[in-house]
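Could you walk me through this protein, starting with the big picture and then moving to single residues?

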Amino acid sequence: MPEQDRLETVVALTKRRGFIFPAAELYGGFRSAYDFGPLGVLLLRKIRDEWWRFMVRERPEVVGLEASILTPRAIWEASGHLEHFADPLVDCRSCKERWRADQIDGVCPRCGSRDLTPVRAFNLMFRTQVGPVEGEGAEAYLRPETAQGMFVDAAGVARAMRLRPPFGIAQIGKSFRNEITPGNFVFRTREFEQMEMEFFVHPDAADKAHDFWIEERMRWYDALGLTGAWLRLREHDRDELSHYASRTVDIEFRFPWGYGELEGIANRTDFDLRAHARAAREDLSFLDPETNERFYPYTIEPAGGVTRAAMAFLLAAFDVDEVNGEQRTVLRLSPRLAPYTAAVLPLARKPELTSLARRVFDELATIVDVDYDETQSIGRRYRRQDEIGTPWCVTVDFESLDDAAVTIRDRDTLQQERVAISDVATKIAERLEAAPRARARALTFHQR
Ligand code: ATP
């Protein structure tokens, strides 16, 4: 299928099946903002859970944080975002459309005019007012990255958790950027969700830590289905680096319009901690107990988007094949990411079957997310589950009343296995456990 068609088909599917809706459509839409529906919520939650498990739970040296989204001006003054967090903006004098200068080639993509204004810097942060009094003291910002929370709280977290470099602070949450040209579905929106980790390490070990995290992050995506040519690594050019970074490597995904950033892994040096130490007049350095040296650690930051990753997983999973001479649409999502791990389907809408099916549902719902569907033919119901990526359908048929067993149908192999109802939860749990995932590796480098 041509790439543009794939995008349109997937966008239509996500709307029809309740993954992602355009925001405020009832009122004509709110350009480039999206609502995540029932299945989208489940997908996002699974992405977050997999990330958290791999980045935090399996690593004794990494801890979590949820910092506030509403932030005072002082943070962004110190971090350099007020000055530098801007995109180059040009206006087309003919059709008045605005563009990011680095994304067009001196020609307005809408009307073809070359009559563009000079480039000016447009700050991407959303500014707002807190409290009833106006003025500089009441000025606040919606954070454009979750990262600053980790820097501002680094000393407090380290003290509370008795941590010394190398250690990491991880956070998942919403960020906001007043993007000049949002678009390409949820690839670029003004409100989005990030998953970021700041890994504090002695400057001498920073390069090794950087390579370590690039590999770790690649393994995570790969195990969840973004294998082979779906991903590539790209080094930032010198002139492309953010104001705080000495080296950045992007993990790029093959989007329908070409490779685009999925996650950036930056060496932010000691820029942020020193900036906050200076601005807040606090010592934010750490002590090396062996040498008694005080030092400012470097920070390695793997920064990914939850919503952007959801789009990548959906695009990569989309497939069309043929079953019994009929076309079927199937999302080959990793069972670890599929919104529903299983669906319980009574063969017919007869009370003896539906009440037994309900018991199977209750059993499964204690361990995984389960759908329940008793409408229409069983074939139609299988297709519906394939289309949303449910890896296993559990069918309750008339024989189940006699043999106390059900059939588990596999989304990809289409094979059916008869299992005792008393074993069904264990069987589904075993299958889920067998699905690939990356395990955290212990640190492969030392302090220096
Ligand atoms: P770009 O160059 O595409 O604007 P960026 O380099 O500014 O992105 P980062 O600051 O590195 O992005 O943000 C880390 C991650 O957060 C990105 O890799 C992406 O997954 C996600 N992200 C950033 N901006 C957006 C956005 N506007 N919409 C959705 N996700 C985003």
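Of the contacts in this protein between residues with a separation of 6 or more, 66% are made by residues 24 or more positions apart; a contact here means heavy atoms within 4.5 Å. What you are looking at is a predicted model, in which local features need pLDDT of at least 70 and side-chain atom pairs count only at pLDDT 80 or more, while totals for chains, interfaces and linings use all residues. Residues are numbered from 1 along each chain as its sequence is written, and side-chain values use heavy atoms, with hydrogens and water left out.

Now for the overall build. The protein has 13 helices and 24 strands; these are DSSP runs numbered from the N terminus, with helices being H or I of at least four residues and strands E of at least two. The radius of gyration is 25 Å, close to the 22 Å that the globule rule gives for 448 residues, so the protein is as compact as a globular protein of that length. That radius is taken over C-alpha atoms, and the globule rule is 2.2 Å times the number of residues to the power 0.38. Along its principal axes, the C-alpha trace spans about 75 × 65 × 50 Å.

Of the 448 residues, 52% are buried. Buried means under 20% relative accessible area, exposed means over 50%, and partly exposed lies in between (1.4 Å probe, protein chains only).

Next, have a look at the backbone. Most residues other than glycine have a negative phi, and most peptide bonds are trans. Ala24 has a positive phi of about 55° although it is not a glycine, and Ser32 likewise has a positive phi, of about 60°. Ala24 lies in the loop between β1 (20-22) and β2 (34-36), and Ser32 is found in the loop between β1 and β2 too. Ala24 is partly exposed at 36% relative accessible area, whereas Ser32 counts as buried at 13%. Elsewhere, a cis peptide bond with omega of about 0° joins Pro165 and Pro166. Pro166 sits in the loop between α6 (154-161) and β10 (167-176).

Finally, the aromatic rings. A search of the whole structure finds 16 aromatic pairs. Rings of Phe, Tyr and Trp (its six-membered ring) pair if their centres lie within 6.5 Å; planes under 30 degrees apart count as stacked, over 60 as edge-to-face and the rest as tilted. The rings of Trp51 and Trp52 have centres 6.3 Å apart and planes at 45°, so this pair is tilted. Trp51 is buried, with a relative accessible area of 1%, while Trp52 is partly exposed at 30%. The rings of Phe361 and Tyr372 have centres 6.3 Å apart and planes at 85°, so that pair is edge-to-face. Phe361 lies in helix α10 (residues 351-365) and Tyr372 in strand β21 (residues 370-372), so the pair ties together parts that are 11 residues apart in sequence.

Phe187, Trp230, Phe253, Phe255 and Trp257 form one aromatic cluster. The charged end of Arg308 sits over the ring of Phe187, 3.7 Å from its centre; this means that CZ of Arg, or NZ of Lys, is within 6 Å of the ring centre and within 35 degrees of the ring normal.
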